[in-house]
Amino acid sequence: MAATRTLSHTVAVIKINNPPVNALSTPVCQALIKELAEVKKDPSVEAIVLCGANGKFSAGADIREFSSAARRTVSLEDINAEIESTTKPVVAAIEGVALGGGLELALSCHYRVAHIKTVMGLPEVLIGILPAAGGTQRLPRLIGIPAALDIIVRGRHVPATEAFQLGIVDEVVPSSAIAAAVQMARKVIGKPMDSRRLSTNAVQYNINVDAFLDTALEKAKRQFRGAQAPLACIEAVRASAQLPYQRGIEKERQLFASLWATGQPQAQQYAFFSERNVGKWTLPSGERWDNVRPCQIRTAAVIGLGTMGRGIVTSLSKSNIPVIALEQDTKQLDSGKKAVNSLLEREAEKLKKQGNSFAEGNGLGSVHFTLNFEDLKNVDLVIEAVYENMNLKKDIFRKLSSIMKPDAFLCTNTSGLNIDEIASVTNRPQLVIGTHFFSPANIMRLLEVVRGRHTSPTTIATAMSLGKMLGKVAVLVGNCPLFVGNRMLGPYLEQANYLLEEGYYPEEVDQALEEFGFAMGPFRMMDLAGLDVGWRSRMEKGLAGSGVPPGTPARQREGNRYCPLADMLCELGRFGQKSGKGWYQYEKPGGRHAHPDPWVRDFLAKYRKTYNIKQQAVHPEQILQRCLYALINEGFRVLEDGIASGPEDIDVIYNNGYGWPKHRGGPMYYASAVGLHEVLMVLEGYHKANPDVPSMKPSFLLKKLAAVGGPPIKEWRTQLGKLPNKL
Ligand SMILES: CC/C=C\C/C=C/C(=O)SCCNC(=O)CCNC(=O)[C@H](O)C(C)(C)COP(=O)(O)OP(=O)(O)OC[C@H]1O[C@@H](n2cnc3c(N)ncnc32)[C@H](O)[C@@H]1OP(=O)(O)O
């Protein structure tokens, strides 16, 4: 039953029942219409309570229905209008979540009671649409333009206590919201209801609405880089102030239709479901997310309190897991401790704002700082986060292996070293796994979970479940140099460097990719990460520095094209932000504002002259094609090698760890949207002209899929048949 009805005295309780999140699917909407019609005419009913089964009000419209062939026959706003115009008072009893259409439904009720642990919001913008069931018109009428705009444009979850302060709900209760709503319903029977019908109220404001919204629009254009939904949300809110309610609703519908035509909602909804699907990992042996139990992690330890370690400690503590943080000397321990404490203070502030009380067990896990490995012996799981050096990591894992209790999990935060080699020095390779966090680790959502050859299914289940506990999107990948994300970054950065050789400047390449929607272009990103990191690794591989065989041409390695520009900057001490100079110049070492550097222009001009490189006229479109198709081609190779279990996994990694614009779905989705044939043609053309750039040689899988007409991404798995699987 999509909705059920019971009677409490003269109050009818209508309960939405559509597990797991009570999405407002077509059958639910039909059931609601039927129940409403019946209670309206039932003389024994004086008031109505609307609630959701299993402690959840509703997570909104059924997102799957947006792109399904079966078109919706029932409009959510029509149901809302029906509820609002009812002469019997309707009280929403909000528990768990009231999101999107769920909150819009509640806003059409005359009163709202929420359980204290509820979160509510209008997150439609995050899936590329706008709250088009009256949300953009009712919420500003209830709480004013600035507060409504903030909630609608950011799509943020509003905790019940804040919702009460804002006036979204009338009462917050610590026990059953349904019981409290029934009580409230009985109290309001017979009271005047006009002012409770939000659509009949005018939006109240004492600001210059147009100027306020124009500023918001300009800010959103900069902040959301090409995403259309936030802009549509602002225009819909503008309509709430300028137009009568019904015309506002028409505007909402028009904006929804134009957004749909951009293709962005489809990309963002693909990203939404992909994020959920990556949690459903499967191993070739048949073990899966739903048949292997994770072990409970009650305590954890982190080794190394550099940038990554600090973020990981904070992330664990934020999830209420007690942590032991270890450093090698007092100086590093003290500076790590200071940094962690300041991050934790900020987290505690945030928790306080959300109204979470520490006494209720919602606080931060304790952090104990130590120099002594012995202190780690009883923890359930340790994450090593020292710098990228195989010998150092092996020393640590040897030590851990001898000290820690036999069933403790040993995780490494390496960003690309061989998990098997690290595991080989331990007495428990089955409990060793890669947990690759992204910086800043307390904020970035991605966690690459890297399976080694001997890693057991229980270890995988535990690392994946830890990711979820930390509020991250954990993606299981196979063990290969650099894993998935960083491996794909290689050819992308290589092309960015070649573009500089050929005539572009760092700021031009960055601008093209930032306008595409990336949070940061490749050169700003390299400056932020530190150019010395890659330089050290290239020196270790004999590609830079004294290890390069004598007589090797400067722009060639092992017979292939090589760009030495980044090495040359490092030789001059230009390491990026940390040294105040890199591809850009900064206000001071550690400064954050990148300014184009005339020195770099001069340096590039001399370099091109030295190597007699003719400056080519390249268009921004070509910057995109060269960098993005290189990245995508490597993505296909990752699939070919069985390092990721599907294109969705790659897209989730890029959306959540590398600043890929979600409104473009992810690199593999983008390839399928552009057309695989088009990607293939560009790669083939480039590779023919540049056979010394092997990364641009079209991958076998790309060719195979293009040959069958470039099917939509959801059909790739079937088309590709059985691929190797290194998970
Ligand atoms: C024409 C009218 C136009 C506009 C009006 C209204 C529009 C909308 O309402 S759009 C939907 C707005 N709502 C959301 O965006 C909420 C999306 N959901 C979530 O944020 C989360 O799922 C949650 C906070 C509600 C729960 O989180 P969690 O407990 O972590 O569970 P999961 O995310 O794993 O979700 C469980 C399960 O439910 C599926 N699901 C969640 N929300 C929806 C939904 N709105 N429609 C359809 N399905 C939904 C999710 O995919 C998971 O499914 P599987 O277990 O099969 O993977």
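**View 1. Strands β13 and β14 run parallel and are joined by 4 bridges.** Strand β13 comprises residues 381–384, and strand β14 comprises residues 409–412. Helices (H or I, at least four residues) and strands (E, at least two) are DSSP runs, numbered from the N terminus, and two strands pair if DSSP finds at least two bridges between them. I383 has C411 of β14 as its bridge partner. A residue counts as buried if 20 or more other C-beta atoms lie within 10 Å of its own, as exposed if 12 or fewer do, and as partly exposed in between, with C-beta atoms placed from the backbone. In a regular strand, side chains alternate between the two faces of the sheet. The model is predicted: local features need pLDDT of at least 70, side-chain atom pairs count only at pLDDT 80 or more, and totals for chains, interfaces and linings use all residues. Residues are numbered from 1 along each chain as its sequence is written.

**View 2. The largest nonpolar core has 127 residues.** A nonpolar core is a set of buried Ala, Val, Leu, Ile, Met, Phe, Trp, Tyr and Cys residues joined through C-beta atoms within 7 Å. The residues with the most contacts inside this core are A300, A301, V302, V382 and V449. Helix α24 (residues 620–640) supplies its largest share, 10 residues. Another core, of 92 residues, lies apart from it and includes A93, V119, L149 and V203. Not counting residues up to four places away in sequence, V302 touches G309, I312, V313, V323, A325, I383 and A385; contact here requires C-beta atoms, placed from the backbone, within 7 Å.

**View 3. Strands β1 and β2 form a hairpin with 2 residues between them.** Strand β1 (residues 3–8) pairs with strand β2 (residues 11–16) in the antiparallel sense over 6 bridges. T4 stands opposite K15 of β2. H9, in the turn, has a positive phi of about 55° although it is not a glycine. H9 is exposed because 12 other C-beta atoms lie within 10 Å.

**View 4. S319 lies in the loop between α13 (307–318) and β11 (323–326).** S319 is partly exposed, with 18 other C-beta atoms within 10 Å. Leaving aside neighbours within four places in sequence, S319 is in contact with G365, M469 and L470. S319 and G365 are 46 residues apart in sequence, and their C-alpha atoms are 6.9 Å apart in space.

**View 5. The peptide bond from P19 to P20 is cis.** Omega of this bond is near 5°, and P20 belongs to the loop between β2 and α1 (26–41). A cis peptide bond also runs from S439 to P440, with omega near -5°. P440 is placed in the loop between β15 (432–437) and β16 (446–450).

Notes
Contact = placed C-beta atoms within 7 Å.
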